[in-house]
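Hello,

Here is the structure I promised to pass on. Please have it open while you read the notes below it.

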Amino acid sequence: MPQSPISVSQSHSFSQQPVLGWREVVTLPELNIPKIKAKIDTGARSSALHAYHLEYDSKQGEKWVYFWVHPYQRNTEITIEAEAKLLEMRNVRNSGGVAQLRPVIETVVKLGEREWLIELTLTNRDVMGFRMLLGRQAVRSLFLIDPGHSYLQSQPIETYSDEY
């Protein structure tokens with residue numbers, strides 16, 4: 001007799017988890033980013049944020065990274081300056097399979113009523129379709145993903161001029 005394609009333990013119920021679409025609008029409050037469109041990418045292990053003009057320094061004996069973010073695709077007028085404690089430098093394979101050494105930070109992400117801590121790599125995503133990726137580590141055990149729908153936990157960003 002064939003087994004079911006989904007094996008669910010008795011102690012874990014999928015019905016209690018909120019469902020995300022394949023793209024959502026999230027907030028990064030610790031980075032002062034009120035809205036950024038994120039692709040939910042279960043094919044990517046780690047999450048990534050578009051960042052450029054990275055500079056490194058020490059603050060009270062800890063390493064910090066300072067960077068700029070254009071939160072909207074195809075809009076370079078809106079720029080947010082951000083800073084975060086540097087967790088580590090990590091080799092990450094990009095979408096082309098090439099390893100890149102990227103800074104990794106921890107920050108809070110907010111989606112709907114939920115807030116949680118994620119690791120986020122910083123990289124230039126100017127030519128990519130999304131300024132942010134939420135990888136599977138960030139959403140694991142918190143959400144189910146419906147790849148056939150968008151914005152199930154958020155509202156799309158309609159205009160870029162009035163958001164900031």
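Strand β2 gives the most to the lining of the second largest pocket, with three residues. Strands here are DSSP runs of E with at least two residues, numbered from the N terminus. A pocket is found on a 1 Å grid over the protein atoms alone: an open set of points where a 1.4 Å probe fits, with protein on both sides within 12 Å along at least five of seven lines; lining residues have an atom within 4 Å of a point.

Some ground rules. This is a predicted model, so local features need pLDDT of at least 70, side-chain atom pairs count only at pLDDT 80 or more, and totals for chains, interfaces and linings use all residues. Residues are numbered from 1 along each chain as its sequence is written, and side-chain values use heavy atoms, with hydrogens and water left out.

**Second largest pocket**

Its volume is about 170 Å³. A volume is the space filled by probe spheres set on the grid points, which are joined across faces, edges and corners. The lining has 15 residues; V25, T27, K35, S154 and Q155 are the closest to the centre. β2 (23-28), β3 and β8 each supply at least two of the lining residues. By type, the lining splits into six nonpolar, five polar and four charged. Nonpolar covers Ala, Val, Leu, Ile, Met, Phe, Trp, Tyr, Cys and Pro; charged covers Asp, Glu, Lys and Arg; the others, Gly among them, are polar.

**Largest pocket**

This one holds about 450 Å³ of space. Of its 23 lining residues, R93, N94, S95, R102 and L133 are the closest to the centre. β3 (33-41), β7 and β8 each supply at least two. β7 gives the most, with four residues. The lining counts six nonpolar, 10 polar and seven charged residues.

**Strands around β7**

Strands pair if DSSP finds at least two bridges between them. β6 (62-69) and β7 (80-93) are antiparallel, with six bridges. F67 has A82 in β7 as its bridge partner. β7 and β8 (99-111) also run antiparallel, joined by seven bridges. There, L86 stands opposite I105 in β8. The two strands form a hairpin with five residues between them, and G97 in the turn has a positive phi of about 85°.

**Confidence**

The pLDDT (the predictor's confidence in each residue, from 0 to 100) averages 87 over the chain, and 87% of the residues score at least 70. Over residues 3-11 the pLDDT is below 50, and this stretch has two contacts beyond near neighbours in sequence. Contact means heavy atoms within 4.5 Å.

Best wishes
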